[in-house]
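Here is a briefing for a reader new to this structure. Please keep the sequence and the 3D view at hand while reading.

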Amino acid sequence: SRTFQNDGVIRACIPCTSNCGSCTKEGCIACDDGFYFNEYDKNCYNPGKCPYRFYNYDDNQQKVCRPCTTNCGICSNSNECDECDKDFYFHQADKQCYAAGNCPTDFYSKNGVKKTCEPCRSNCAKCTNNLDCLKCGNNYLLNSLNKTCHFQTCPDSFYASVSEDNVDLCMPCKPNCEICTEENSCIECAPNFFWSNASNECVED
């Protein structure tokens, strides 16, 4: 019915909302042909006009507005997002939306015209931008100076260490030391330098 019965003091038939073919006092329960029903607000929508955070779904038996995936504002199905809600970051690979700082491993939250999850630099598992790595992937060590990742071993003038938060690091040797295994010793100083136990550093000949 296009009307419902008002059970108030005066009993009357009240018209349904626009484009609704059948309704009760709680709202619409079936739309006119060609319109999409939203069970959340009990309204009917034109094709392609479901409200924000919903998409048009049509299985040839029913036309409904279905909710997008979590934190998604615009979508065309329930599994993938096209545009995230405000303050959430879009990840192109899985078409999902993430809170700031919660992008998947190997990605960081980037602010711009659109908020997106962007890849860290090569072999980096955790970062805040595409230049500075915070933690490298398996079998890689993080250079504490330039924030790059080294495979299994550190470059000359660096030694392997582990930070308090369990990050594998390459830490710099003392000045003019080319090979070391810890901060306060040197295996080989640079040319024209030698290790002084007295000053605990490489000094000139």
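In this predicted model, a disulfide joins Cys136 to Cys149, with 2.1 Å from S to S. The torsion about the S-S bond of Cys136 and Cys149 is -95 degrees, and the link is left-handed. Cys136 sits in strand β16, residues 133-136, and Cys149 in strand β18, residues 149-151. The pair links distant parts of the chain, 13 residues apart. Cys136 and Cys149 are both buried.

**Other disulfides**

- How many disulfides does the count come to? The count comes to 15.
- A disulfide is a covalent bond between the sulfur atoms of two cysteines.
- One of the disulfides joins Cys84 to Cys97, at 2.1 Å from S to S.
- Cys84 belongs to strand β10 (residues 81-84) and Cys97 to strand β12 (residues 96-98), so this pair ties together parts that are 13 residues apart in sequence.
- The link of Cys84 and Cys97 is left-handed, with -95 degrees about the S-S bond.
- Cys84 is buried, and Cys97 is buried too.
- Another disulfide joins Cys16 to Cys23, where the S to S distance is 2.0 Å.
- Is the disulfide of Cys16 and Cys23 left-handed or right-handed? The torsion about its S-S bond is about -85 degrees, so the disulfide is left-handed.
- Both Cys16 and Cys23 are buried.

**A cysteine without a partner**

- Cys13 is in no disulfide.
- Which cysteine sulfur is nearest to that of Cys13? The sulfur of Cys23 is the nearest, and it is 9.9 Å away.
- Is Cys13 buried or exposed? Cys13 has a relative accessibility of 57%. Exposed means over 50%, so Cys13 counts as exposed.

**Around Gly21**

- Gly21 is found in strand β3, which covers residues 20-24.
- The relative accessible area of Gly21 is 22%. Buried means under 20% and exposed over 50%, so Gly21 is partly exposed.
- Gly21 and Cys31 are 10 residues apart along the chain. Their C-alpha atoms are separated by 4.8 Å.

**Overall form**

- Which elements does the chain hold, helices or strands? There are 24 strands and 0 helices.
- The radius of gyration of the chain is 31 Å. For 205 residues the globule rule gives 17 Å, and the chain is well over that, so it is more spread out than a compact globule.
- The C-alpha trace spans about 105 × 35 × 25 Å along its principal axes.
- What share of the contacts with a separation of 6 or more comes from residues 24 or more positions apart? Such residues account for 16% of these contacts.

**Surface and charge**

- Of the 205 residues of the chain, 32% count as buried.
- The accessible surface of the chain comes to about 13,000 Å². Carbon and sulfur atoms hold 47% of this surface.
- The chain has 28 negative and 18 positive side chains.
- How far apart do the centres of the two charge sets lie? The centres of the positive and negative sets lie 14 Å apart.

Key:
Residues are numbered from 1 along each chain as its sequence is written. This is a predicted model: local features need pLDDT of at least 70, side-chain atom pairs count only at pLDDT 80 or more; totals for chains, interfaces and linings use all residues. Side-chain values use heavy atoms; hydrogens and water are left out. A disulfide is a pair of cysteine sulfur atoms within 2.5 Å. Buried means under 20% relative accessible area, exposed over 50%, partly exposed in between (1.4 Å probe, protein chains only). Helices (H or I, at least four residues) and strands (E, at least two) are DSSP runs, numbered from the N terminus. The radius of gyration is taken over C-alpha atoms; the globule rule is 2.2 Å times the number of residues to the power 0.38. Contact means heavy atoms within 4.5 Å. Accessible areas come from the Shrake-Rupley method with a 1.4 Å probe; for residues, only the protein chains shown count as cover. Lys and Arg count as positive and Asp and Glu as negative; His and the chain ends are not counted. The place of a charge is taken as NZ of Lys, CZ of Arg, CG of Asp or CD of Glu.
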